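Trainee: I would like to work through this model with you, one question at a time, and to see how each answer is reached.

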Amino acid sequence: WLKVWVQGSPTCPLFAAMSAAALKAQYPALAARAAALADDPAAATPDDVLHFWFGDQYVTRCNNREFMIDNFSWWFNPTNVPFDTAQREARGLIQAAATGLLVGDWTTDRGALAQMILLDQFTRCAFRGSAEAYAHDHIAVAHALRLAEPAAFEALHGCERFFVIMCLSHSEDLVHVELHGTLWPEVGRGLDPELQRWFREQTGIPGQHLDCVRHFGRYPQRNVLLGRESTPEEVAWLASPDCPVWAKSQFKAKFTYWNGRGLGDPVRFLLEFVMIPYDEVTIRTQEEFAELKASGKLAFGQVPLLEMDGMELVQSQSILRAVARKKNLLGSTAQEANRADMVMSAIVDARMPLVTARFQADPEAALEQFATKTLPKVLAYLESFCQKHDGDYIAGNLTVSDVCLFEFVCYAGDEAKTSGSEMLRDYPKLLGWWERMSGFQHLQDFLKSPSRKPPPDEKFVREVCSILSMPLPGYINA
């Protein structure tokens, strides 16, 4: 929806078309916030960004407690995948702001506020889990310092002041973090008393950031991503109960599995879709697997394993539900959640022939059986299932079941050497669904990336059989 032109080349849109469709289908209010961007994608304005972030026409309703409560979860407890995706797809606009290409209205105080939001907040989402998340902090802080001047700060609404102060707190320069502390008591000055009280109720502001930078001179949770060596004291603090939630939220998840698709690929697809950064640990030998089991992390002695938010999660469907719960993809109603769960379970069953085919005596016969029997049967059931509700997605709104089915179609297409569109051409509801899901650009990026595991081959079969002490299938020479 929102494009900028950098050196004559079009960059990524703020909203990919299917991200916008997902917003409209599941979160109509959020879609309305982005409506101003729809007509002329090349003419991004500061108001376009601010109305996306704070809400359409927010200036008429933002100076009250209810506004901050309603929006706080969007900003700091992101559970809306299209909202996150929109920020990720704004990387072109972020780059334009970072390189000084935004002029005109972008040079006003309101433009400085929009650029600060882009380079401080959008960037943390767009580049989550990488050093780039912090790459433009110094430019964002420069905009924040401009807005922290008394006259400019006085002219801001309460929610705008709040993000100026937050931007200053993200700096590792103690002068800026001290200013964050100085300005915090002023955030609600002259505003509704209930809103002032809400600001006072926010625990840890400004003390936690101030204490951290005063003590360590930096934010230790960034060390790994920035290639900095942590001190023993920093390591102890990060592992302690005293470490604030906002610091621990920067930790990457860790996913452990074989070097292939198997039961792990639906989890990978979901982590990629909801943009949870993770490191992958690959088990290649019996000894590595035995060591992992001895660690006590595998509750039932099996992988995959996902370590996330201090939890050690096993059993692939349980992992999928845990990630979906974290990102609000289990379903928006009980009926929708039940539909999503049924579809996910059906897909897990249907994809098992794909997982096991290469481990059978005649894998080609097994795959032929899948292609001619299992696949048409499950697609027919899913087509009929989708016809029973009006939603744009498998269970109605966007849920974990959509990601699981997308992975399944991709896997089946790889083995059958055909495209999802060709596979689904006789199933109109599923074909429309496939086109919508294919519009999520970050999923397409994953499919083309080195992180995407290839279909299983003889090398993978040999490795897994060795790890699990299984006999090799007859078609492989010992």
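Trainee: In this predicted model, is the crossing of α11 and α13 left-handed or right-handed?
Mentor: Helix α11 covers residues 174-183 and helix α13 covers residues 207-216, and the two pack with their axes 9 Å apart at an angle of about 155 degrees. That angle makes α11 roughly antiparallel to α13, since angles over 145 degrees count as roughly antiparallel. As to its hand, the crossing of α11 and α13 is left-handed.

Trainee: Which residues of α13 are met by α11, and how do the residues of this contact divide by class?
Mentor: From α11 the contact draws on Leu 174, Val 177, Glu 178, His 180 and Gly 181, and these meet His 209, Leu 210, Val 213 and Arg 214 in α13. Sorted by class, the residues of the contact of α11 with α13 are four nonpolar, three polar and two charged.

Trainee: Where is Pro 206 found, and is the peptide bond from Ile 205 to Pro 206 cis or trans?
Mentor: Pro 206 lies in the loop between α12, residues 193-200, and α13. Most peptide bonds are trans, but omega is near 5 degrees for the bond from Ile 205 to Pro 206, and that bond is cis.

Trainee: What is the omega of the peptide bond that joins Val 303 and Pro 304?
Mentor: Pro 304 is placed in the loop between α18 and β5, the latter being residues 305-308. The bond that joins Val 303 and Pro 304 is a cis peptide bond, and its omega is about 15 degrees.

Trainee: Is Thr 256 buried or exposed, and with which residues is Thr 256 in contact beyond its neighbours within four places in sequence?
Mentor: Thr 256 belongs to strand β3, which runs over residues 253-257. Its relative accessible area is 4%, so Thr 256 is buried, the limit for that class being under 20%. Leaving aside the neighbours within four places in sequence, the contacts of Thr 256 are Val 281, Ile 283, Leu 292, Val 303, Pro 304, Leu 305 and Glu 307.

Trainee: How do α19 and α20 cross, and which residues of the two helices make the contact?
Mentor: The axes of helix α19, residues 316-326, and helix α20, residues 334-356, come within 11 Å and cross at roughly 145 degrees, and α19 passes α20 in a right-handed crossing. The contact has three nonpolar, two polar and two charged residues by class. They are Gln 317, Leu 320 and Arg 321 of α19, together with Asp 341, Met 344, Ser 345 and Val 348 of α20.

Trainee: Why does Asp 84 count as buried, and how far apart in space are Asp 84 and Val 274?
Mentor: Asp 84 sits in helix α5, residues 81-88, and counts as buried because its relative accessibility is 2%. Asp 84 and Val 274 are 190 residues apart in sequence, yet from C-alpha to C-alpha their separation in space is 8.1 Å.

Trainee: Is Ala 294 buried or exposed, and how far apart in space are Ala 294 and Glu 280?
Mentor: Ala 294 is part of helix α18, residues 286-294, and with a relative accessibility of 67% it counts as exposed. Ala 294 and Glu 280 are 14 residues apart in sequence, and their C-alpha to C-alpha distance is 19 Å.

Technical notes:
Residues are numbered from 1 along each chain as its sequence is written. This is a predicted model: local features need pLDDT of at least 70, side-chain atom pairs count only at pLDDT 80 or more; totals for chains, interfaces and linings use all residues. Side-chain values use heavy atoms; hydrogens and water are left out. Helices (H or I, at least four residues) and strands (E, at least two) are DSSP runs, numbered from the N terminus. Buried means under 20% relative accessible area, exposed over 50%, partly exposed in between (1.4 Å probe, protein chains only). Contact means heavy atoms within 4.5 Å. Axes are lines fitted to C-alpha atoms, for helices over the stretch in contact, and angles run from 0 to 180 degrees between N-to-C directions. Angles under 35 degrees count as roughly parallel, over 145 as roughly antiparallel, 65 to 115 as roughly perpendicular and the rest as oblique. A crossing is left-handed if the near helix is turned anticlockwise from the far one by less than a right angle, and right-handed if clockwise. Ala, Val, Leu, Ile, Met, Phe, Trp, Tyr, Cys and Pro count as nonpolar, Asp, Glu, Lys and Arg as charged, and the others, Gly among them, as polar.
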